[in-house]
Amino acid sequence: MKLSQKLLLAVLPVLGLVLSLGGWLLIRQNFYRTLSDLQYQAETGQQRELYALQLDLRAAADGITNALMEYGASVSRYVGEEKQFALFTGDGVLAYSSMPEDVPLAWQQELLADPSRGVLRSRQDGHWYLIADQVPAADGSTVFYVGAYSMDAAYQTQQSLLTSYFWIELLAFAAAGGAVWWMISRLIRPLHTLEQAGREIAAGAYDRRTGIRGSDEIAALSRSFDDMTAALEEELGRRALAVRQREDFISALTHELKTPMTSILGYAQMMRTAGDDLEVREKSAAYIAHEARRIEALSRKLLRLMEVEQEGITLTAVPVEELLAALRRACPRDGLPLEVTPLKTPAAVRGDADLLCALLRNLISNAERAEPKDGVVHLDIAAEGEKVRFTVWDTGRGIPAEELPRLTEPFYMVDKSRSRAQNSSGIGLALCRAIAEAHGTRLEFASTVGEGTRVSFCLPALPLPGKEEPHEKETD
């Protein structure tokens, strides 16, 4: 059963009960008011009849019983059967009666024991209000006047109102049910949207959002659902990217190993078949040694990358001047000139000297491969607040904007043919990224095709080891 049907079945019985109870109480109140009015009219009319009977009894000369019979007969002649009453002598003997058949004599005699008390009696044929009163006679005796007054008007009015209200309530209940159904449908419409969104997301549409606005609980649930879906989409995107990167990594590693291994096998075969040709043997050995060094360099970089990513490093204060000196020693003498813009004030940075030197050396090596127009690689070192920024830049080929996000992926190369011709393995920038992250920073790339590339990172600045911060001289 759907939620809308459950809500409708839960609301309608309560609504019907409230409407029925309210209508019944209203009709019942109206019934008692009408009944009270009829009883008051009966009591008022009885008082008039008692006054007339008392006057007639004072003039009676033939005895009380005959007087009662004559009085009853005269009233019946002039009024007819519209007035129902009975006359009893003081001994309780019935002298005259015009009571209807559905008012038994026993009811009338019960009232003689306690006159002036009205009693409501009902039978299948009607509803009667019986009143008994004592009337003094001329001889000092007492007679009883018992009047019967029909209360059918009150009961008929009640029954008519109940019938009318039943149909009115039925129509109102149907109209209210339709209104409740419409309101429930509007209230749970966001739930249908959530359900549909869930089905689409389960089918693979991870960019699906509900877009429900509002401040109620359903809107809050919808926002949480959208946030969850966004997080899921982001996580799946990261996993898809990781899978793609892993596949690219395996493919690139396989290719990087296959090429030198093919060369090694080929030249080894040449050496076997060269016989006494010393020149061929020496040339083959040189090629084998060259390709083996490539594999060795690739293995060394992969091991260094894994070491940096998996093992923690110890960060200490590294003077910038000492870092530059180590960098100059690490740069090959046959490389492009390195133009350094140093710090204006000597300082140190927090890091690992060997790893920082490897980071800068790889960035400089990449800048050299970009073939700068001015034939120089630039290194700018500048203070930025409490940090030191290192920027390696060149005036070379530049990198397309769409390639920048993938530069630090292992084995990713913008121009694979040119990179392999320059003995690039595609591991350098991945190692640089890992070193930067181990130092709590990140590489920032900016490049324009045909104009050059800038790569920078920041490190926390520290006082030079062995030097204290200057302070003001104390005075008395």
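This note goes through surface patches, aromatic pairs, salt bridges and a few loop residues in a predicted model.

1. Basis. The model is predicted, so local features need pLDDT of at least 70 and side-chain atom pairs count only at pLDDT 80 or more, while totals for chains, interfaces and linings use all residues. Numbering runs from 1 along each chain as its sequence is written, and side-chain values use heavy atoms, with hydrogens and water left out.

2. Nonpolar patch. Leu21, Trp24, Leu25 and Leu162 make up a nonpolar patch on the surface, with about 380 Å² of accessible area together. Patch members have over 30% relative accessible area and no salt bridge; nonpolar side chains (Val, Leu, Ile, Met, Phe, Trp, Tyr) are joined within 5 Å, and like charges within 9 Å. Areas come from the Shrake-Rupley method with a 1.4 Å probe, and for residues only the protein chains shown count as cover. Helix 1 (residues 3–58) gives the most to this patch, with three residues. Leu162 sits in helix 4 (residues 152–187). Helices (H or I, at least four residues) and strands (E, at least two) are DSSP runs, numbered from the N terminus. With a relative accessible area of 31%, Leu162 is partly exposed; buried means under 20%, exposed over 50%, and partly exposed in between (1.4 Å probe, protein chains only).

3. Negative patch. Asp276, Asp277, Glu279 and Glu282 gather on the surface as a patch of negative charge. In the charge assignment, Lys and Arg count as positive and Asp and Glu as negative, with His and the chain ends not counted; each charge is placed at NZ of Lys, CZ of Arg, CG of Asp or CD of Glu. Glu279 belongs to helix 7 (residues 278–310) and is exposed, at a relative accessible area of 65%.

4. Aromatic pairs. The whole structure contains six aromatic pairs. Rings of Phe, Tyr and Trp (its six-membered ring) pair if their centres lie within 6.5 Å; planes under 30 degrees apart count as stacked, over 60 as edge-to-face and the rest as tilted. Phe85 and Tyr96 form a tilted pair, 5.6 Å centre to centre with 35 degrees between the planes. This pair links Phe85 in strand 1 (residues 84–88) with Tyr96 in strand 2 (residues 94–97), 11 residues apart. Both Phe85 and Tyr96 are buried.

5. Stacked pair. The ring centres of Phe390 and Phe457 are 5.3 Å apart and their planes are at 10 degrees, so this pair is stacked. Phe390 lies in strand 10 (residues 387–393) and Phe457 in strand 12 (residues 452–462), so the pair ties together parts 67 residues apart in sequence. Both Phe390 and Phe457 are buried. Elsewhere, Phe31, Tyr32 and Tyr155 form one aromatic cluster.

6. Salt bridges. The count comes to 11 salt bridges, each defined as a side-chain nitrogen of Lys or Arg within 4 Å of a carboxyl oxygen of Asp or Glu. One of them joins the side chains of Glu110 and Arg121 (2.5 Å, N to O). Glu110 is in helix 3 (residues 105–112) and Arg121 in strand 3 (residues 119–123), so the pair ties together parts 11 residues apart in sequence. Glu110 is partly exposed at 43% relative accessibility, and Arg121 is partly exposed at 26%.

7. Arg208 pairs with Glu200, the closest N and O atoms being 2.6 Å apart; Glu200 is partly exposed at 27%. Glu233 forms a salt bridge with Arg209, again with the closest N and O atoms 2.6 Å apart. Glu233 lies in helix 6 (residues 217–273) and Arg209 in the loop between helix 5 (189–202) and helix 6, 24 residues apart. Glu233 is partly exposed at 31%, as is Arg209 at 29%. Salt bridges that share partners also join Glu234, Glu235, Arg238 and Arg239 into one network.

8. Loop residues. Leu315 is in the loop between helix 7 and strand 6 (316–319) and is partly exposed, with a relative accessible area of 25%. Leu315 and Gly351 are 36 residues apart in sequence and 4.3 Å apart in space, C-alpha to C-alpha. Glu371, in the loop between helix 9 (353–369) and strand 9 (377–384), has phi near 55 degrees, a positive value in a residue other than glycine. At 44% relative accessibility, Glu371 counts as partly exposed.
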